[in-house]
Amino acid sequence: MWEDVFNALLQYERNNQRNQTQLNSALERFNLATSAMPDGLVILSASNEIEWCTPNAERQLGLNLTTDKSLPIVNLIRESHFIAYLYNGEYDEPFKLKSWRNAEMILEIKLVPFANNLKLLLCRDMTQLEKVEVMRRDFIANVSHELRTPLTVVGGFLETLTDMEGAVPENLKHYFAMMEEQTIRMRRIIEDLLTLSTIESNSEIPDNNVIDMHSLLKSVQNDALGLSQGLNKTKHKIHLNVDAALNLNGAQEELRSAFSNLVSNAIRYTPNGGEIFISWALRGDQPVFSVRDTGIGIEQKHIDRLAERFYRVDRSRSRETGGTGLGLSIVKHILIRHQAKLEISSELGVGSTFSAVFPKARIVRKPAPL
Ligand code: ADP
């Protein structure tokens with residue numbers, strides 16, 4: 001009887017040992033795999049303390065698991081933007097962090113919530129990619145800058161010649177008008193490229209002024225009326241609906257340019273007699289600027305690509321109405337700088353709505369008049 005008992009015990013012990021060895025080797029393989037990952041991984045507890053991290057995370061973020069385990073991550077990464085990102089709770093977009101240990105190093109950080117309030121912090125070394133990106137931006141900025149002067153000279157002479165009585169023979173006037181039109185177009189593209197590269201390369205936080213949205217949007221509406229009359233004989237109907245108690249914290253000139261771009265697109269892509277609805281109001285707890293038009297609309301397949309540089313659904317229409325294909329890229333970058341998102345919904349032949357959704361932290365409430 002005892003023999004049976006001991007045999008069963010021995011069997012049990014062996015199974016246990018085998019399970020233990022399998023578990024150990026699985027854990028070791030897991031550790032080896034995570035260590036081999038080029039990206040760094042950190043597991044944060046519900047109260048943002050470091051529970052575990054990989055050697056690459058130690059290297060990239062300057063952590064040391066042995067001494068830093070159970071310490072709050074904000075004690076070790078004290079960068080204010082990182083702390084804001086961590087507590088903001090909106091982790092859809094990754095976040096770029098300049099390494100404070102090595103000024104050359106740029107990290108991309110992404111937080112992924114999992115299980116019960118735990119967070120996975122993923123960090124990736126973006127230094128090389130960022131260098132290429134800076135080179136691209138500088139190249140575009142330099143080329144645009146270099147092209148601006150000769151183009152201004154050519155445009156100036158063309159204008160002078162056209163204005164000079166008898167300088168251009170009657171049968172050539174048509175060609176001169178075309179040349180002038182094309183120089184203006186090139187100038188517009190260059191100006192937009194310069195604006196885009198200035199905004200893109202400006203990593204500073206934009207000025208934070210309280211913007212009086214009612215007066216800003218009123219003037220955007222007035223500009224829009226001017227543009228609408230210029231383009232068509234029949235004006236568009238441009239409605240404005242503003243929550244007067246709601247103001248916004250941001251860089252006024254940048255945001256004016258973004259809003260004007262969206263409104264001017266609505267006019268340019270809406271046939272004569274159409275309607276444009278500009279609105280500024282709360283959606284839930286987020287302030288939203290939106291422009292709805294009853295224009296030509298956009299097929300669904302184009303929508304995700306609209307904010308790419310030079311992406312146009314219909315090149316000839318864009319060109320006819322003075323488009324450069326850069327407007328929405330500029331809008332997108334201005335919004336990113338304000339932690340806002342561009343939302344586009346559209347139906348072909350029915351119309352489009354472009355909305356800029358701002359974070360609630362940017363709301364400034366206007367006190368009610370006494
Ligand atoms: P563009 O200078 O060509 O207007 P944008 O970057 O401003 O460049 O817009 C990109 C493309 O998105 C446009 O060429 C057009 O096809 C489309 N688009 C933008 N706004 C609208 C709108 N309100 N209605 C229809 N299409 C639009």
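## Terms and model

Helices (H or I, at least four residues) and strands (E, at least two) are DSSP runs, numbered from the N terminus. This is a predicted model, in which local features need pLDDT of at least 70 and side-chain atom pairs count only at pLDDT 80 or more, while totals for chains, interfaces and linings use all residues. Residues are numbered from 1 along each chain as its sequence is written, and side-chain values use heavy atoms, with hydrogens and water left out.

## The enclosed cavity

Rolling a probe the size of a water molecule over the atoms shows where empty space is left. On a 1 Å grid over the protein atoms alone, a cavity is a set of points where a 1.4 Å probe fits but cannot get out. The structure holds 1 cavity of 30 Å³ or more. The space in the largest cavity is about 30 Å³; a volume is the space filled by probe spheres set on grid points, which are joined across faces, edges and corners.

Lining residues have an atom within 4 Å of a point. For the largest cavity they are R136, I140, L193, L196, S197, E200 and R309. Two elements, α6 (127-163) and α7 (173-201), each give two or more residues to this lining. α7 gives the most, with 4 residues. By class, the lining has 3 nonpolar, 1 polar and 3 charged residues. Here Ala, Val, Leu, Ile, Met, Phe, Trp, Tyr, Cys and Pro count as nonpolar, Asp, Glu, Lys and Arg as charged, and the others, Gly among them, as polar.

## The ligand pocket

A pocket is an open set of points with protein on both sides within 12 Å along at least five of seven lines. The ligand takes up the second largest pocket; a molecule sits in a pocket if more than half of its atoms lie within 2 Å of its grid points. The second largest pocket has a volume of about 710 Å³.

It is lined by 35 residues, with N265, R268, Y269, S318 and G323 nearest its centre. α7, α8 (213-231), α9, α12 and β12 each supply two or more lining residues. The largest share, 6 residues, comes from α9. The pocket lining divides into 14 nonpolar, 14 polar and 7 charged residues.

## The shell and its contacts

The ligand is surrounded by 19 residues, each with a heavy atom within 4 Å of it. R268, Y269, S318, T324 and L328 are the closest. The shell has 9 nonpolar, 7 polar and 3 charged residues.

Polar contacts are pairs of N or O atoms within 3.5 Å. A polar side-chain atom of S318 is 2.6 Å from a ligand oxygen atom. For Y269, a side-chain N or O atom lies 2.7 Å from an oxygen atom of the ligand. T324 uses a polar backbone atom, 2.8 Å from an oxygen atom of the ligand. Taken alone the ligand exposes 530 Å², and the protein buries 98% of that, by the Shrake-Rupley method with a 1.4 Å probe.

Methods: Polar contact = N/O pair within 3.5 Å; in protein donor to acceptor, adjacent residues only side chain to side chain.
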